[in-house]
Amino acid sequence: MTQPIELWYWPTPNGWKISIALEEMGLPYVVKPVNIGAGEQFDPAFQAISPNGRMPAIVDPDGPDGQPLSIFESGAILQYLGNRSGQFYPADVRARVEVDQWLFWQVGGLGPMAGQTHHFRQYAPAIIRDQRQIAYGVRRYTDETRRLYGVMDRRLADRDYLAGDYSIADMAAWPWVLPEHQGQSLDGFPNLKAWMDRVGARPAVIAGRAVGESMRGNLAASGQSAEAARKILFGQRGR
């Protein structure tokens with residue numbers, strides 16, 4: 001590589017997936033902050049890279065044909081980086097299918113369900129005065145997140161990592177297990193807890209998780225700035 005990969009990023013679980021992967025793979029990168037609380041994800045320049053207006057996204061200035069290549073959606077980014085680096089994404093078809101299954105399980109299951117848990121437990125109480133209106137959402141997504149914890153715990157009963165060897169599937173799932181924000185405890189999930197500790201002790205995971213930490217704000221807080229950020233994040237319609 002002659003130029004670093006551009007990482008269009010904000011410090012959230014989806015952003016951490018990619019910063020962790022870049023650190024693990026030793027790929028040079030430069031962070032391009034996308035302040036989602038200020039609406040920067042809706043800037044036309046960013047949406048040219050990420051049409052869905054969501055981060056993370058990357059631009060590889062040295063794409064496979066020597067031309068810049070932009071990629072949005074964290075799962076697609078992880079697959080590309082795994083192929084690009086030749087690391088954490090096996091070439092063997094059977095082993096790759098194992099990784100892909102658990103990567104897509106995170107992208108389609110753990111991430112969206114845990115994200116809704118965050119919304120109803122952290123943000124909705126600051127938006128809706130009558131807490132009875134959000135009680136079902138809190139219970140529904142908290143319970144589903146617990147079910148998904150159980151899926152991981154059973155999977156990890158006889159292996160150290162989700163797909164056998166450490167892979168991009170672990171990098172995708174690890175940032176989304178946040179018991180303190182999801183109404184959960186790991187006490188009943190010993191295999192998941194051991195995996196969290198195992199992955200979390202990796203130097204590259206520690207470094208990737210720390211990227212941009214000082215930029216984070218508390219969107220569940222009171223005050224005008226947090227309220228304005230919530231309106232930007234949760235008030236969008238088709239345009």
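Predicted model: local features only at pLDDT ≥ 70, side-chain atom pairs only at ≥ 80, totals over all residues.
User: What makes the chain as compact as a globular protein of its length?
Analyst: The chain has 10 helices and 4 strands, and from the N terminus on they run β-α-β-α-β-β-α-α-α-α-α-α-α-α. Its radius of gyration is 18 Å, close to the 18 Å given by the globule rule for 239 residues, so the chain is as compact as a globular protein of that length. Along the principal axes, the C-alpha atoms fill a box of roughly 55 × 45 × 30 Å.

User: What share of the residues is buried, and what share of the contacts with a separation of 6 or more comes from residues 24 or more positions apart?
Analyst: Buried residues make up 45% of the 239 residues. Of the contacts with a separation of 6 or more, 66% join residues 24 or more positions apart.

User: Why is S74 called buried?
Analyst: Buried means under 20% relative accessible area, and S74 has 7%, so S74 counts as buried. S74 lies in helix α3, which spans residues 74-85. Beyond its neighbours within four places in sequence, S74 is in contact with N14, K17, I18 and P56.

User: What makes the pairing of S74 and K17 a polar contact?
Analyst: The cut-off for a pair of N or O atoms is 3.5 Å, and the side chains of S74 and K17 are joined at 2.8 Å. The distance therefore falls within the limit of the definition.

User: How do you know that R84 and D60 form a salt bridge?
Analyst: A salt bridge requires a side-chain nitrogen of Lys or Arg within 4 Å of a carboxyl oxygen of Asp or Glu. For R84 and D60 the N to O distance is 2.7 Å. This pair links distant parts of the chain, with R84 in helix α3 and D60 in strand β3 (residues 57-60), 24 residues apart. A search of the whole structure finds 10 salt bridges.

User: Are R84 and D60 buried or exposed, or in between?
Analyst: D60 has 0% relative accessibility and so counts as buried. R84 has a relative accessible area of 29% and is therefore partly exposed, since that class lies between 20% and 50%.

User: What makes D197 and K193 a salt bridge, and where do they lie?
Analyst: Their side chains meet at 3.3 Å, N to O, against a limit of 4 Å. Both residues lie in helix α8, 4 residues apart, about one turn of the helix. D197, at 45%, is partly exposed, and K193, at 37%, is also partly exposed. Elsewhere, salt bridges that share partners join R140, E144 and R147 into one network.

User: How do you know that the buried residues of α8 are on the same side of the helix?
Analyst: In α8 (residues 190-200), L192, W195, M196 and V199 are buried. They cover an arc of only 100° around the axis, which puts them on the same side of α8. Their cover includes α5 (135-155), α6 (168-173) and α9 (203-210).

Terms used: Residues numbered from 1 in each chain as written. Heavy atoms only, no water. Helix = DSSP H or I, 4+ residues; strand = E, 2+ residues; numbered from the N terminus. Buried < 20%, exposed > 50% of the residue type's maximum accessible area, 1.4 Å probe, protein only. Polar contact = N/O pair within 3.5 Å; in protein donor to acceptor, adjacent residues only side chain to side chain. Contact = heavy atoms within 4.5 Å. Arc of directions from axis to C-beta. Rg over C-alpha atoms; globule rule 2.2 N^0.38 Å.
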